[in-house]
Amino acid sequence: MKARIGLEIHVQLSEAGTKLFCDCDSEYRRYPPNRNVCPVCLGLPGALPVPGRRPLALALAAAKAFNCRIPEWIVFTRKHYFYPDLPKNYQITQFEKVGGAPVCLGGYVEFLNTDTWEWVRVGIRRINLEEDPGRTYYEGDIMTSRYAHVDFNRSGVPLLEIVTEPEVRSPREARLLVEYILLTLEYIGATNPRLEGVFRVDANVSVEGGERVEIKNIGSTLDVEKALRYEIKRQAMVLERGGRVERETRHWDAERGVTKPLRYKEEEAEYLYFPDPDLPPVKVTGDLLAEAEKLASRSPRMIYEAVESLGVRREVAWSIVSSPPAAERFLEAVKLGGDPQVLARMIGVDYKGELRERGLDPNDPSRWPPAETLAQLSKLVSSGEYTYDSIRGLVLPKLAENPGADVKSVLPEKVSDVDALVEEVLRREVKAVKDYLSGKEKALNYLVGAVMRAARGRALDPREARRKLLERLKAMKEG
Ligand SMILES: [Zn+2]
């Protein structure tokens, strides 16, 4: 079933350092409730908001990264509604229709569809910079909870609202697009997409012959795909039965995997928007633009193309690009003289795999050894001093435990007495030797394995073990 999908992606600028209009911390999760607050983000009378430089620069960097037209002046507007976690009774946002000016007046994103390996273009309608409200939570169920708890730590955190044109072709592409946008923002240094609740997605979807339905509050990229698949199927069934798909807003219930109708929807007029008189328009100066341009200078696409141009397979190249610390170290280690093929395998496949196996985050820079270490290991493989397998099996696990470790301290001891090991194995493995001598050539592999096991964590090139075994077996045959 053909569908038209448009997305609204809300992303906190968690790495901005400050909230949008005060100096409180943009990463509020590390504080006990109501400890990351000040008169501005509590909306106390007389407190005046002042736009922070870093959140502005990051928002403009996002606009640059998504090829946007950027206005000369940025204008903030008030959006009024009443809720316990919104202390001013209005949210500061950028609403164009009432004279607001968002940070992006239209642009586009080109993301990699990693199923077809095509770059797909989707229009960006606009990007708003706004403040996140606080948080209200309950003890268990909202209806039975004795209290509504309000925590203002999040109040005022800078939030980007990225609105795409309804040009996304499938639920799968919607997911890949959101992932690509988040990765781009991670490269800019604007957000950490793995923080709990750092982004949420609303999706508009319509099928042929039906009205547009909005799905609210999708909290993960996997759920973007699931919610859209469900909703397209639901709409198709309604039409098949001769019904009509009404224009409505639905809520994604991730636990049950269904969308449910929301009881009401406010009209835009009900919000009583107007330009915020406390905030004079912000001039987008050359300085600010230069800072934004610098932040946006590394895009996933640019890095992907750089990695691929070194002869790295596209799947591995994408694996490297999707972890910014991995990409940074890969490019740096190549500059230091490491071999791109060896490094790609080490960084994009095996070291990342080691981290995953330990439940560690491959996008956390502190989990990665310095590029220098990786370049040294690559050179030891290229020079033939160690096999790739011995680095992978004996060194990478140690680095995953302790990424700062010195190369010398993690390099395995080398087997110096290969002959003795071979003798020991030939003596012990009587049956395998007999099999081999009677023509069962497969027994050789078993014997090589036995020698490797006998090395007990020391480095040994299996080719050398094989060569020595063959020499001795040949002598035995002839003798
Ligand atoms: Zn504050």
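1. A working definition before anything else: two strands count as paired if DSSP finds at least two bridges between them. With that in hand, here are my comments on this model, which is a predicted one.

2. First, the overall picture. The protein chain carries 15 helices and 15 strands. Its radius of gyration is 29 Å, whereas a compact globule of 479 residues would come out near 23 Å. Along the principal axes, the C-alpha atoms take up a box of roughly 100 × 60 × 50 Å.

3. Now to a sheet you can find quickly. It is open, has three strands in the order β4-β3-β14, and its pairing is antiparallel. The edges are β4 and β14, each of which pairs on one side only.

4. Take the β4 side. Strand β3 covers residues 77–80 and strand β4 covers residues 90–93; four bridges join them, and they run antiparallel.

5. Which strand does β3 meet over two bridges? That is β14 (residues 274–275), again in the antiparallel sense. Thr 77 sits opposite Pro 275 of β14, and Arg 78 has Phe 274 of β14 as its bridge partner.

6. On to the helices. Helix α12 (residues 418–428) packs against helix α15 (residues 462–478) at an angle of about 60°, and their axes are 10 Å apart. Because angles of 65 to 115 degrees are needed for roughly perpendicular and angles under 35 for roughly parallel, α12 counts as oblique to α15. The crossing of α12 past α15 is right-handed.

7. Who makes that contact? From α12 the residues are Val 418, Asp 419, Val 422 and Leu 426, and from α15 they are Glu 464, Ala 465, Lys 468, Leu 469 and Arg 472.

Definitions and conventions:
Residues numbered from 1 in each chain as written. Predicted model: local features only at pLDDT ≥ 70, side-chain atom pairs only at ≥ 80, totals over all residues. Axes fitted to C-alpha atoms, helices over the stretch in contact; angles between N-to-C directions. Parallel < 35°, antiparallel > 145°, perpendicular 65-115°, else oblique. Left-handed = near helix turned anticlockwise from the far one by under 90°. Contact = placed C-beta atoms within 7 Å. Rg over C-alpha atoms; globule rule 2.2 N^0.38 Å.
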